[in-house]
Amino acid sequence: RALREGDWKVAAIPAALQDRRVEITGPVDPKMVINALNSGAKVFMADFEDSTSPTWASLIGGQQTMIAAVAGTLAFTAPASANGTPGKQYALKPFEEQAVLVVRPRGWHLDEKHVRIDGTPIAGGLFDLAVFAFHNAKALAAKDRGPYFYLPKLQSMEEAALWETALSHIETALGLAQGQMKVTVLIETLPAVFEMDEILHALRGRIVGLNCGR
């Protein structure tokens, strides 16, 4: 109650996320990512969660796609047709014409069984976010593009606080300013509906909005 009735504000929203009237989402395969970033939408949410099969090949391939996309080198050539016609080639538009990239990792509830710390599988969401940040955070920060993330499936302010601890630690490890990584929280569970103010407060140094999921 003290938080809900308190006098506090979240941090300012970056210029790149001021206009989010059209956002699209999809899996992290090269063709999809190129088409989405080139689409003219304001934001593309690269989805490591609902629209990506959580196989090791898909997840690591998706991370490789993200690295190339951030670097501006991502390209894709479709397979040749049965009659031998060369496949269509896809390439990114200039950075200034691309949609803003926002990455959605998996939720806390899904483990990444291929990575263990002291014998225990790491949370899939933490793996997805940390690997992306390790490879791309500094490059995106240099472009004033975050990095930006969607956090899914939260049920409580405690989960938001756990994400805050993890994000702050990643920023310290990578030499980024605190609050450099911005997040949008998806409100997809009934418990989270009753703790929205508290979730905002837990992430107040980096949150840029709440999104009401279907």
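A word on exposure before you click: buried means under 20% relative accessible area, exposed means over 50%, and partly exposed is in between, using a 1.4 Å probe and protein chains only. This is a predicted model, where local features need pLDDT of at least 70, side-chain atom pairs count only at pLDDT 80 or more, and totals for chains, interfaces and linings use all residues. Residues are numbered from 1 along each chain as its sequence is written, and side-chain values use heavy atoms, with hydrogens and water left out.

Select Glu188, which counts as partly exposed at 31% relative accessibility. Its salt-bridge partner is Lys153, with the closest N and O atoms 3.3 Å apart; a salt bridge here is a side-chain nitrogen of Lys or Arg within 4 Å of a carboxyl oxygen of Asp or Glu. The two come from distant parts of the chain, 35 residues apart: Glu188 sits in the loop between β9 and α6 (190-193), and Lys153 in the loop between β8 (148-151) and α5 (157-174). Helices (H or I, at least four residues) and strands (E, at least two) are DSSP runs, numbered from the N terminus.

Lys153 itself is partly exposed, at 24% relative accessible area. Check its backbone too: phi of Lys153 is near 65°, a positive value in a residue other than glycine.

Asp50 is in the loop between β2 (43-47) and α3, and it is exposed, with a relative accessible area of 54%. Leaving aside residues up to four places away in sequence, Asp50 touches Arg104 and Lys153, where contact means heavy atoms within 4.5 Å.

**Stop two: a helix pair**

Colour α3 (residues 56-71) and α4 (residues 124-142): their axes come within 10 Å and cross at roughly 10°. The axes are lines fitted to C-alpha atoms, for helices over the stretch in contact, and angles run from 0 to 180 degrees between N-to-C directions. Angles under 35 degrees count as roughly parallel, over 145 as roughly antiparallel, 65 to 115 as roughly perpendicular and the rest as oblique, so α3 and α4 are roughly parallel to each other. Show side chains at the contact, including Trp56, Leu59 and Met66 of α3 and Phe127, Asp128 and His135 of α4.

Stay on Asp128: which residue forms a salt bridge with Asp128? That is Arg106, with the closest N and O atoms 2.8 Å apart. Arg106 lies in the loop between β5 (100-104) and β6 (111-117) while Asp128 is in helix α4, so the pair ties together parts 22 residues apart in sequence. Arg106 is buried at 3% relative accessible area, and Asp128 is buried at 1%.

Move to the loop between α4 and β8, where Pro147 is found. A cis peptide bond joins Gly146 and Pro147, with omega about 15°. Asp144 lies in the loop between α4 and β8 as well, and its phi is near 60°, positive in a residue other than glycine.

**Last stop: a lysine in strand β9**

Pick Lys182, in strand β9 (residues 182-187). Among the residues Lys182 touches, not counting those up to four places away in sequence, are Pro147, Tyr148 and Phe149. The backbone oxygen of Gly179 lies 3.0 Å from a polar atom of the Lys182 side chain.

Terms used
Polar contact = N/O pair within 3.5 Å; in protein donor to acceptor, adjacent residues only side chain to side chain.
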